[in-house]
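Colleague: I would like a close look at one part of this model. Please keep it to the charged side chains and what surrounds them.

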Amino acid sequence: QLQLEESGGVLVPRGGSLRLSCVADGSSFPSYAIGWFRQAPGKEREGVLCIDWRDSPSTHLDSVKGRFTISRDNVKNTAYLDLNSLEPEDTAVYYCASSRSGYCSGLQSSNFDSWGRGTHVTVSS
């Protein structure tokens, strides 16, 4: 399984932008789907965006459509989440996860077999 590590989460003002990175350990990275999830305090983890092995992205959270973008660089074994026009409601711990199936499968947590430890994003108002 891949080992994943997120980075890039910081305190950012409302309306600001961030790039989160997810670095994977493993030469098989290109065959995996990579999903981004987030969890706010006291709430369930929710799927945000996913990119499959064919480099096809999918958005699973209506509130981030048009603001967040997922991408991947298979040479660097890295996936990215670009967050724009941030709102306080985006405050959460953001996790990346991999699915060896190569597909996003509706961004169900149970379909992802490896997880990073999360990176904190705090959006101030």
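Which residues are linked in a network of salt bridges?

Modeller: This is a predicted model, so read every distance as computed from it. The network of salt bridges links R38, E46, R67 and D90. The count of salt bridges in the model comes to 6.

Start with D90. This residue forms a salt bridge with R38, with the closest N and O atoms 2.9 Å apart. D90 sits in the loop between β8 and β9, while R38 is in strand β4, so the pair ties together parts 52 residues apart in sequence. D90 also meets R67 in a salt bridge, at 2.8 Å from N to O. R67 lies in the loop between β6 (57-59) and β7, so this pair ties together parts 23 residues apart in sequence.

Now the burial. D90 counts as buried because its relative accessibility is 2%, under the 20% cut-off. R38 is buried too, with a relative accessible area of 5%. R67 is buried at 10%.

R67 leads on to L86. Among the residues that L86 touches are R67, F68, R14, L18 and V123. L86 is one of the residues with the most contacts inside the largest nonpolar core, which has 27 residues. Others on that list include W36, F68, L81 and Y94. Strands β4, β5, β7, β8 and β9 are among those that each supply at least two residues of this core. β3 gives the most, with 4 residues.

Next, the sheet. Four strands form an open sheet in the order β1-β3-β8-β7, with antiparallel pairing. β1 (3-7) and β7 (68-73) stand at the edges with a single partner strand each, so one side of each has no neighbour in the sheet. The twist averages 15° from one strand to the next. β7 and β8 (residues 78-83) are joined by 6 bridges. S71 stands opposite Y80 in β8.

For contrast, take the salt bridge between R100 and D113, at 3.8 Å from N to O. Both residues lie in the loop between β9 and β10 (114-115), 13 residues apart. R100 is exposed, with a relative accessible area of 57%. D113 counts as partly exposed at 31%.

D113 is also among the residues touched by S99, along with Y32, A33, N111 and F112. S99 is found in strand β9. S99 is buried, with a relative accessible area of 1%. A polar atom of the S99 side chain lies 3.1 Å from the backbone oxygen of N111.

Notes: Residues are numbered from 1 along each chain as its sequence is written. This is a predicted model: local features need pLDDT of at least 70, side-chain atom pairs count only at pLDDT 80 or more; totals for chains, interfaces and linings use all residues. Side-chain values use heavy atoms; hydrogens and water are left out. Two strands pair if DSSP finds at least two bridges between them. Axes are lines fitted to C-alpha atoms, for helices over the stretch in contact, and angles run from 0 to 180 degrees between N-to-C directions. A nonpolar core is a set of buried Ala, Val, Leu, Ile, Met, Phe, Trp, Tyr and Cys residues joined through side-chain atoms within 4.5 Å. Buried means under 20% relative accessible area, exposed over 50%, partly exposed in between (1.4 Å probe, protein chains only). Contact means heavy atoms within 4.5 Å. A polar contact is a pair of N or O atoms within 3.5 Å; within protein, one must be able to donate a hydrogen and the other to accept it, and residues adjacent in sequence count only if both atoms are side-chain atoms. A salt bridge is a side-chain nitrogen of Lys or Arg within 4 Å of a carboxyl oxygen of Asp or Glu. Lists of a residue's contacts leave out its neighbours within four places in sequence.
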